[in-house]
Amino acid sequence: MDIFLQTENLLKEVQETTIDSKETLEKFRIRFLGSKNILKDVFGEIKNVPNEKKKAFGQLVNSVKQAAEEKFATEQEKFQTSSQENNNIDLTLPGDVTTIGARHPIQIVRNKIIEIFNRLGFAVQEDREIEDDWHNFTALNMPEDHPARDMQDTFFVHINPDIVLRTHTSSVQVRTMENQKPPIRILSPGRVYRNETISARSHCFFHQVEGLYIDENVSFADLLQTLDFFVKELFGKDIKIKLRPSYFPFTEPSAEVDVTCFICGGEGCNVCKHSGWVEILGCGMVDPKVLENCNIDPKKYSGFAFGMGIERITMLKYQIKDIRLLSENDIRFLEQFKSAI
Ligand code: DAH
């Protein structure tokens, strides 16, 4: 076939090819604009074209090339627009928002307690949750068969009844006094376990913070001042404390501490059961027998200790009615603490 006719047919082909998909567009590009396109082959024939027709032939090939380039450009544009429409992409929409998690309420209260006592020089001291009888009970003045053990329903490890899941963080007192010399000023947050029926008010595991201060001449007045500072920092400047005499085997004298109800300001409400006061912790002067058990001379040193339940304080602070909410990890509950840091 005459090379001119052949080239004119290519022009027709360019004009008439229907491009209805990405694939046909790509085929078109390869045929007319690719690195081994058909126009190169056709142009190669110029050597066989008589001299006087060479110019016209060159122009014809060029016009095919130009037509192919224009068609490709418009079809490509059309195709891109329609693919965006198909995918429903709206580039003016704002980007995806990454949701930020919230701290767990137990963690929020724990951190706050630590921060307050840090300012008084108490350092965080953590220890094991699986304890032996000595550190959880005996050293704390609760020898075997002592009735005080009944205060804390214990999980024993089957194969070795000497090993328990710690029932309180007071065990860290003993471990610290055994390993450090006074002055000692520690705060021990951690998880504890009790063999209790799970209900809205009690759980088989929860968290406590234990405090211990041992030095020369530590008095009950120091304990009082420390706790007074603590509750005012945690609940507010107007909060008052009241100490009720109590009993713990490891402290003498012992007391339970109530604070004026921070919900009703002391007037009486459901939270304080209309008494105007809520109980928040136990405390006392470390019993000399406990100091002796830990090789600290009770004639030279004295000290105070206190322990509080983080769940209890958290429930009071945020008016949470059911302790189980604090361990179920229901996102609808936890999300409410996003702004509380
Ligand atoms: N260990 C006690 C409990 O779990 C709390 C406690 C009371 C700790 C008095 C103390 C304290 O250090 O002095 O109920």
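## Close-up views of a predicted model

View 1. Arg-175 sits in helix H7, which runs over residues 170-179. This is a predicted model. Is Arg-175 buried or exposed? Arg-175 counts as buried because its relative accessible area is 12%, and the cut-off for buried is under 20%. Its side chain has a polar contact with the side chain of His-135, at 3.2 Å. Leaving aside residues up to four places away in sequence, Arg-175 touches Asp-127, Arg-128, Glu-131, Asp-132 and His-135.

View 2. Strand E4 covers residues 160-165 and pairs with E2 in the antiparallel sense, over three bridges.

**View 3. Around the ligand.** Which residues come nearest to the ligand? Of the 16 residues around it, they are His-168, Ser-170, Arg-194, Gln-208 and Glu-210. Zoom in on Ser-170 and you'll find one of its polar side-chain atoms 3.0 Å from a nitrogen atom of the ligand. For Gln-208, an N or O atom in the side chain is 2.9 Å from an oxygen atom of the ligand. Glu-210 has a polar side-chain atom 2.5 Å from an oxygen atom of the ligand.

**View 4. The largest nonpolar core.** This core has 46 residues, and those with the most contacts inside it are Ile-113, Phe-230, Leu-281, Phe-306 and Met-308. Elements that each supply at least two of its residues include helix H5 (105-119), helix H8 (220-235), strand E9 (277-286) and strand E10 (302-309). The largest share, seven residues, comes from H5. Apart from this core lies another one, of 20 residues, among them Phe-137, Ala-139, Leu-212 and Ile-214.

**View 5. Met-308 up close.** What does Met-308 touch, not counting residues up to four places away in sequence? The list is Ile-113, Phe-117, His-207, Gln-208, Val-209, Phe-230, Ile-280, Leu-281 and Ile-313. Gln-208 turns up here and also among the residues that come nearest to the ligand.

Notes:
Residues numbered from 1 in each chain as written. Predicted model: local features only at pLDDT ≥ 70, side-chain atom pairs only at ≥ 80, totals over all residues. Heavy atoms only, no water. Core = buried A, V, L, I, M, F, W, Y, C linked by side-chain atoms within 4.5 Å. Buried < 20%, exposed > 50% of the residue type's maximum accessible area, 1.4 Å probe, protein only. Helix = DSSP H or I, 4+ residues; strand = E, 2+ residues; numbered from the N terminus. Contact = heavy atoms within 4.5 Å. Pairing = 2+ DSSP bridges. Near = heavy atom within 4 Å. Polar contact = N/O pair within 3.5 Å; in protein donor to acceptor, adjacent residues only side chain to side chain.
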